[in-house]
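Here is a friendly briefing on aromatic contacts and disulfides. Have the sequence and the 3D view open as you read.

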Amino acid sequence: MQKRRLPGRRPLLLAVGAGVTVAALTAGMTSALAATVFSDDFTDGDTSGWSKSGGTWTVGSGVLNQSNAGSELARQFAGQTSWTDYSVQARVRPASFGSSSALVGLAARSTSSTKMYRLALLGSGRAELQAVNGSNVTAIGSASLGVTTGTWYTLRIETSGSTIRGYVNGTQIASGSNSLAGAGRIGLVTAYASGGFDDVLVDSSGGGTPTTPPPTTTPLPTTPPPTTTPPPAGWPTPTSSQKVDATIAVSGTFDGGLKRYYGIGDGGQSESQDPMFELAAGATLRNVIIGAPAGDGVHCEGNCTLINVWWEDVGEDAATFRGGTTYTVDGGGARSASDKVFQHNGSGTVYIKNFRVENAGKLYRACGNCSTSYQRHVVIDNVIVRNTDAIAGINTNWGDTARFSRITIVGDPDRETSICVKYKGVPKGSEPTEIGEGADGVNCLYSPSDITYQ
């Protein structure tokens, strides 16, 4: 048996005898080692535990790179040829594609250097799950994702009997039955392309069945181009104040001219309070200060945009995203939220950028027990955080993702602020349970350089 591996050490690999499934091998292990049978994050600076076939491979800054874009087929293999039911995942970053059919990808059940299941990111922008037998390539399924070079994607292949599934960034893009290979090693692959690989993980769980109703899937989020707009340095002074007695309905664009609006609700956390503003699909709310009491803040009934909106004292929630697929919060800030600032009940992706949050429970929470269990995503960029328990809470069993970049946490010398908290989503009427936190390359996506402490 080869050495087990902890982060920053050499690859973890358990020897598996012929005819023995990975699940059977690991059945008697302690819970801390229960599922993981191989992992490598390349921080040791080498490829010990891997075998190369073609290409030019180097390790730098904790990433395994294949730089020969002219190589017809470059591969790195690891693991055991007797492995049967397992899942393998890795972060993959295409650097260049020589053609629309060129690929950078991940392999499972490789019985030889040319026979395997492969999840490929293609130069055409698609992701495709393939059964590869020499020059014969059969597509099990695919999806158009707009794959771009220079972007990290988390790929995962699950094998269970003859069922093969492929996932990109936590979303299933293909599933099918195929009998090409019943066992085999894992692999990292390029063909007429160059790319980087990191955070390889193999576990024995295979393709598990969720214990809660499957979520409605939504398109994968794309990270918007970085902006140079800094988060606001301070809280604005209202130009005037207006008491609100009933919800203000908004269609099109509502520009408040930095007037303070207040007067609905009890200022607390009681459920089912009316919102101050209700935005129709496609509406934009801008230059508004929401005072106290603020009821349930802002409701977005479809795609919406909130620009330079400020919450002086969050009541039930600052904003609830209920319908649509894309919601953008650009600029502004929120404070005094005893629970959460932004509640994501609908599907799709919430983008939060150039924002500041103070004295809050969470900046963002994907609903963990709504009547419909959507897969939800959040992209948080260029945000200042002060005196806040957690930045985002997501449901990993439903494939939620949270991406973070340029996060500045102020006044937290003990680093008590949680970046990404993971929950197990449950049906309506039950309470979700917290199951962990921290970056994992699959659901919680960030690196240490994305977080700055001041």
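The points below go through ring pairs, charges over rings, and disulfides. Please keep in mind that this is a predicted model. The count of aromatic pairs comes to 14, and the structure holds three disulfides.

**Aromatic pairs**

- Let's start with Trp235 and Trp310, whose ring centres are 4.9 Å apart. Their planes meet at 65 degrees, so this pair is edge-to-face.
- Trp235 lies in the loop between strand S16 (193-203) and strand S17 (241-243), while Trp310 belongs to strand S23 (residues 304-311), so the contact ties together parts that are 75 residues apart in sequence.
- Trp235 is partly exposed, with a relative accessible area of 22%, whereas Trp310 is buried, at 3%.
- Phe321 and Phe342 make a tilted aromatic pair, with 5.9 Å from centre to centre and 40 degrees between the planes.
- This second pair links distant parts of the chain: Phe321 is in strand S24 (residues 319-321) and Phe342 is in strand S26 (residues 333-344), 21 residues apart.
- Phe321 is buried, with 0% relative accessibility, and Phe342 is buried with a relative accessible area of 0%.
- Phe321 and Phe342 also belong to one aromatic cluster, together with Trp311, Tyr327 and Phe355.

**Charges over rings**

- Arg365 places its charged end over the ring of Tyr423, 3.9 Å from the ring's centre.
- Arg415 lies over the face of Tyr453, and here the distance to the ring centre is 4.1 Å.

**Disulfides**

- Counting bonded cysteines along the chain, the disulfides follow the pattern 1-2, 3-4, 5-6.
- Cys300 is joined to Cys304, with an S to S distance of 2.0 Å. The torsion about this S-S bond is about 90 degrees, so the disulfide is right-handed. Cys300 is buried at 0% relative accessibility, and Cys304 is buried at 3%.
- Cys367 and Cys370 form a disulfide with their sulfur atoms 2.1 Å apart. Its torsion is about 110 degrees, so this bridge is right-handed. Cys367 and Cys370 are both buried.
- Cys420 and Cys444 are bonded as well, their sulfur atoms being 2.1 Å apart. Which hand does the disulfide of Cys420 and Cys444 have? The torsion about the S-S bond is about -65 degrees, so the disulfide is left-handed.
- The Cys420 and Cys444 pair links distant parts of the chain, from strand S30 (residues 418-424) to strand S32 (residues 444-445), 24 residues apart. Both of these cysteines, Cys420 and Cys444, are buried.

Methods: Residues are numbered from 1 along each chain as its sequence is written. This is a predicted model: local features need pLDDT of at least 70, side-chain atom pairs count only at pLDDT 80 or more; totals for chains, interfaces and linings use all residues. Side-chain values use heavy atoms; hydrogens and water are left out. Rings of Phe, Tyr and Trp (its six-membered ring) pair if their centres lie within 6.5 Å; planes under 30 degrees apart count as stacked, over 60 as edge-to-face and the rest as tilted. Helices (H or I, at least four residues) and strands (E, at least two) are DSSP runs, numbered from the N terminus. Buried means under 20% relative accessible area, exposed over 50%, partly exposed in between (1.4 Å probe, protein chains only). A charge sits over a ring if NZ of Lys or CZ of Arg is within 6 Å of the ring centre and within 35 degrees of the ring normal. A disulfide is a pair of cysteine sulfur atoms within 2.5 Å.
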